[in-house]
Amino acid sequence: MSNVSHARSDLSGHPDASEMRARYDRVMGGRDVALVDAPVFLVGLYCAVSPWLLHFTASQPALVTHNLVMGIAIAVLALGFTVMPERMYGLSWAICAIGAWIIVSTWVVGSSPDAGIVINNIIVGGLTVLLGMVCAGAAMRKRST
């Protein structure tokens, strides 16, 4: 039986090592804010389920649908940032716009919401704007280099 194990585990002598290293750098180069993808996703999930957590499904049915749709949109964008970072980070400003809309929509979509709903949407919208600005800043920094 022949021995197929290779004693050398270092790939530095491989003829394609420089090409593999360059490809790895290209793929991982857009991952400057990889740690922001998960918080964006979690904020989106929280926004989607917040009507049931805060029990305003009966008093504000329009805001229930609104928060569900906006939360799903944020979560889908976060998944896009994870799957296709170089293509999706251009949409970081959309996250900021969604966050600002979540803050304003409390009074536009809702009908005289109570303080808990207002505070919830202001916090969720503010976090969304902040995380969107972090993603947008990283995308701008990536384009300038």
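Is histidine 66 buried or exposed? In this predicted model, histidine 66 is buried, with a relative accessible area of 10%. The legends below begin with the whole chain and then turn to separate close-up views.

**Figure 1. The chain as a whole is built from helices, with 6 helices and 0 strands.** Followed along the sequence, the elements give the pattern α-α-α-α-α-α. The chain has 145 residues, and buried residues account for 37% of them. Of the contacts between residues at least 6 apart in sequence, 67% join residues at least 24 apart.

**Figure 2. Helix 3 packs against helix 5.** Two packed helices are described by the angle between their axes and by the distance between the axes. For helix 3 (residues 61-83) and helix 5 (residues 92-108), the angle is about 165° and the axes are 11 Å apart. An angle over 145 degrees counts as roughly antiparallel, and helix 3 is therefore roughly antiparallel to helix 5. The crossing of helix 3 past helix 5 is left-handed. On the side of helix 3, the contact is made by Leu63, His66, Met70, Ala73, Ile74, Leu77 and Phe81. Helix 5 contributes Ser92, Ile95, Ile98, Trp101, Ile102, Ser105 and Thr106. Sorted by class, this contact of helix 3 with helix 5 comprises 10 nonpolar residues, 4 polar residues and no charged residues.

**Figure 3. Histidine 66 of helix 3 makes polar contacts with the side chains of tryptophan 101 and serine 105.** The relative accessible area of histidine 66 is 10%; a residue counts as buried under 20%, so histidine 66 is buried. The side chains of histidine 66 and tryptophan 101 are joined by a polar contact of 2.7 Å. A polar contact of 3.3 Å links the side chain of histidine 66 to the side chain of serine 105. When residues up to four places away in sequence are not counted, histidine 66 touches Trp101, Ile102, Ser105 and Val109.

**Figure 4. Threonine 106 of helix 5 makes a side-chain polar contact with asparagine 121.** Threonine 106 has a relative accessible area of 0% and is therefore buried. The polar contact between the side chains of threonine 106 and asparagine 121 is 3.1 Å. A polar atom of the threonine 106 side chain also lies 3.3 Å from the backbone oxygen of isoleucine 102. Apart from neighbours within four places in sequence, threonine 106 is in contact with Leu63, Pro113, Ile117, Val118 and Asn121.

Figure 5. Isoleucine 117 and serine 50 are 67 residues apart in sequence, and their C-alpha atoms are 9.2 Å apart in space.

**Figure 6. Arginine 87 of helix 4 and methionine 140 of helix 6 each illustrate a pair of residues separated in sequence.** Arginine 87, in the helix of residues 85-88, is exposed, with a relative accessible area of 71%. The C-alpha atoms of arginine 87 and alanine 139 are separated by 10.0 Å, although these residues are 52 residues apart along the chain. Methionine 140 has a relative accessible area of 48% and is partly exposed. Between methionine 140 and serine 92 the C-alpha to C-alpha distance is 10.0 Å, and the two are 48 residues apart in sequence.

**Figure 7. Histidine 55 and serine 112 have positive phi values without being glycine.** Histidine 55 is found in the loop between helix 2 (34-53) and helix 3, and its phi is near 60°. With a relative accessibility of 68%, histidine 55 counts as exposed. Serine 112 belongs to the loop between helix 5 and helix 6 (115-144), and its phi is about 45°. Serine 112 counts as exposed because its relative accessibility is 70%, and exposed residues are those over 50%.

Terms used:
Residues are numbered from 1 along each chain as its sequence is written. This is a predicted model: local features need pLDDT of at least 70, side-chain atom pairs count only at pLDDT 80 or more; totals for chains, interfaces and linings use all residues. Side-chain values use heavy atoms; hydrogens and water are left out. Axes are lines fitted to C-alpha atoms, for helices over the stretch in contact, and angles run from 0 to 180 degrees between N-to-C directions. Helices (H or I, at least four residues) and strands (E, at least two) are DSSP runs, numbered from the N terminus. Angles under 35 degrees count as roughly parallel, over 145 as roughly antiparallel, 65 to 115 as roughly perpendicular and the rest as oblique. A crossing is left-handed if the near helix is turned anticlockwise from the far one by less than a right angle, and right-handed if clockwise. Contact means heavy atoms within 4.5 Å. Ala, Val, Leu, Ile, Met, Phe, Trp, Tyr, Cys and Pro count as nonpolar, Asp, Glu, Lys and Arg as charged, and the others, Gly among them, as polar. Buried means under 20% relative accessible area, exposed over 50%, partly exposed in between (1.4 Å probe, protein chains only). A polar contact is a pair of N or O atoms within 3.5 Å; within protein, one must be able to donate a hydrogen and the other to accept it, and residues adjacent in sequence count only if both atoms are side-chain atoms.
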